[in-house]
2 protein chains.
Amino acid sequence: MKRIAIDAMGGDHAPQALVEGANRALQEFSDIEIQLYGDEASIKKYLTASERVRIIHTDEKIASDDEPTKAIRQKKQASMVLAAKAVKAGEADAMLSAGNTGALLAAGFFIVGRIKNIDRPGLLSTLPTVSGQGFDMLDLGANAENTAHHLHQYATLGSFYAESVRGVAKPRVGLLNNGTESSKGDPLRKEAYELLAADSSLNFIGNVEARDLMEGVADVVVADGFTGNAVLKSIEGTAISIMGQLKKSILGGGLKAKLGAWLLKDSLRDLKNSLDYSSAGGAVLFGLKAPVVKTHGSSDAKAVYSTIRQIRTMLESDVVGKSVIEFSDAKEEK
Amino acid sequence: MKRIAIDAMGGDHAPQALVEGANRALQEFSDIEIQLYGDEASIKKYLTASERVRIIHTDEKIASDDEPTKAIRQKKQASMVLAAKAVKAGEADAMLSAGNTGALLAAGFFIVGRIKNIDRPGLLSTLPTVSGQGFDMLDLGANAENTAHHLHQYATLGSFYAESVRGVAKPRVGLLNNGTESSKGDPLRKEAYELLAADSSLNFIGNVEARDLMEGVADVVVADGFTGNAVLKSIEGTAISIMGQLKKSILGGGLKAKLGAWLLKDSLRDLKNSLDYSSAGGAVLFGLKAPVVKTHGSSDAKAVYSTIRQIRTMLESDVVGKSVIEFSDAKEEK
């Protein structure tokens, strides 16, 4: 049985979206058990599942604007903190939250704990490509600074993830850089390039540019947390702005445009779906002793369900266990 | 008379696009003079203007895959090099190229030369926002590494540009960061924040996130060259991929979708135009003693024309001259 601890009180639609996502996952998967941390009465309102599910009541929760590290230290009974402690104590195998990202990172680092020899866990998400296959990118912002050694660890972690969770054979690993030539970039990129090229366990394809990510230039894209965060937000922001512009242009385009949009609605829905990466699950704080997964604050029940499914695959493929072994006897390279 | 030196041999559609763009600009603006550097016979094929235009013949040109610094040093008679030398010698007031970006940066640094007290000229472009107003961002990749002091200089240069060339009063300057709170970012961002906040000549609005750029969160966005380059390419790549997906989805959607697209064609054209920033001109290598402007390698005559118009506005507003004065007695802060 795979035991998943859910912070039922985090996110814009808590606890409803969390509980309804759990209902659906429990129905679909008979090998999972869900622990819902939060206000019992509010959770019960939405809970339809009755088997393999437990509510662990608490009054306390972390707000979206709480200062992360302080919140984790001071709100010892918060739903997010209790879920992390359950993982730490071995009572749950993984955790999920739609709440305060910074606090979840802090809970991951300080409560769940890092895998031995992994210095800086990174935030990984599967982002969309035009082919529908997607690519995994990390670090998306768990860290503001990274060394070349961290980037090398991300390449290994990302490869494990793409292979184990998404079933990609020999994932093509690219280093995000400001040009494709091997000589490109700042000293960090040049050093990381050397480390990646020298590691025969990786299918390293060299430098990749942000322009080509959505075209599927690599299966795993390695970046420092600052740049990865900026690229992620650029992609999101551009997609949202373009779709918004298209909508505005249709609404302002009179009857002809509206009729056109109606005739095109299947195509427009396809486009919207191809950009919607919530079905690929949430962002994994990877490099910890257990899966700690953040789903978007605006997640609905479907996104929560997808994230539970993703966690289930992570547990089934034991991608974290494999990472522990890989790094357990890693040389202290740093 | 504003004298503009054009490298007629750089870019995918050289010399045709360059010459045709020049024809149009010469017709429209009676206060410009154009110098076309390149192969006389090929240029003459497209040249219709006869006044205020000169061809300076040369057989040599820089290829798109030439190693930049080497090309500038060894191909002393290349059209790009001669154009830069004309600026250096005071025979032209500005230059334009659609060729090898790296080589143009090198020509700018080594031939045209930096403004005194500006350490690292930055690449600036006006990028699109949904409102149509646009924002200026720098550095977009002239440098792989920057200090906080450079970022401060970019804020001043970007403000000058937005105000002088685009007519934005008190341009709102934002620092690209991984969160909006003042405490966010790596040491570089924290130090830059302090410098920007302390400079009362700037309308500094704090940190901005890449997600909000297209929504027009700031008029000037300051970034280090590595991140700026990644963000620019993410925006471009996402826009191209989405428009490509939309097209594919329409073409694969049968008769109904095609009819819909036909009815929607005005709206779709509006959308495409709002994303097309070639009409805002090219990328300025800003911080040099004269305007050195790069237009996209794929530029057509219209994009070249827009870039000449932009250069004319830069010369008319004397934005470079103002920068020279601003920095001439700047304290050696570094």
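Asn117(A) is buried, with a relative accessible area of 16%; buried here denotes under 20% relative accessible area, exposed over 50%, and partly exposed the range in between, for a 1.4 Å probe and protein chains only. The model is predicted, so that local features need pLDDT of at least 70 and side-chain atom pairs count only at pLDDT 80 or more, while totals for chains, interfaces and linings use all residues. Residues are numbered from 1 along each chain as its sequence is written, chains are lettered from A and ligands numbered from 1 in the order in which they are written, and side-chain values use heavy atoms, with hydrogens and water left out.

Asn117(A) has a phi near 75°, a positive value in a residue other than glycine, and is placed in the loop between α5 (101-112) and β5 of chain A. Helices (H or I, at least four residues) and strands (E, at least two) are DSSP runs, numbered from the N terminus. A positive phi is also found at Arg52(A), where the value is near 55°. Arg52(A) lies in the loop between α2 (40-46) and β3 of chain A and, at 27% relative accessibility, counts as partly exposed. Most residues other than glycine have a negative phi, and most peptide bonds are trans. A cis peptide bond with omega of about -5° joins Ala14(A) and Pro15(A), and Pro15(A) belongs to the loop between β1 and α1 of chain A. Another cis bond, with omega of about 0°, links Leu138(A) to Asp139(A); Asp139(A) is in the loop between β6 and α6 of chain A.

Chain A contains an open sheet of eleven strands with mixed pairing, in the order β3-β2-β1-β4-β11-β10-β5-β6-β9-β7-β8. Two strands pair if DSSP finds at least two bridges between them. The edge strands of chain A are β3 (53-57) and β8 (203-208), each pairing on one side only. Within chain A, strands β7 (residues 172-176) and β9 (residues 220-222) pair in the parallel sense over three bridges, and the bridge partner of Val173(A) in β9(A) is Val220(A). Helix α1 (residues 16-28) of chain A packs on the sheet, touching β1 (2-7), β2 (32-38), β3 and β4 (94-97) of chain A.

In chain B, strand β6 (residues 135-138) points Phe135(B) and Met137(B) one way and Asp136(B) and Leu138(B) the other, and all are buried. Three bridges connect β6(B) in antiparallel fashion to strand β5 (residues 122-127) of chain B, with Leu127(B) opposite Phe135(B). Three bridges also connect β6(B) to strand β9 (residues 220-222) of chain B, here parallel, and Met137(B) stands opposite Val221(B).

The contact (heavy atoms within 4.5 Å) takes 50 residues from chain B and 50 residues from chain A. The two chains bury about 4400 Å² between them, 65% of it on carbon and sulfur atoms; this is the accessible area (1.4 Å probe) lost on being put together, summed over both. Arg211(B), Phe226(B) and Leu263(B) supply 16% of the area that chain B buries against chain A, more than any other three residues. Four salt bridges are found across the interface of chain B and chain A, each a side-chain nitrogen of Lys or Arg within 4 Å of a carboxyl oxygen of Asp or Glu. Arg211(B) forms a salt bridge with Glu236(A), with the closest N and O atoms 3.1 Å apart.

Methods:
Axes fitted to C-alpha atoms, helices over the stretch in contact; angles between N-to-C directions.
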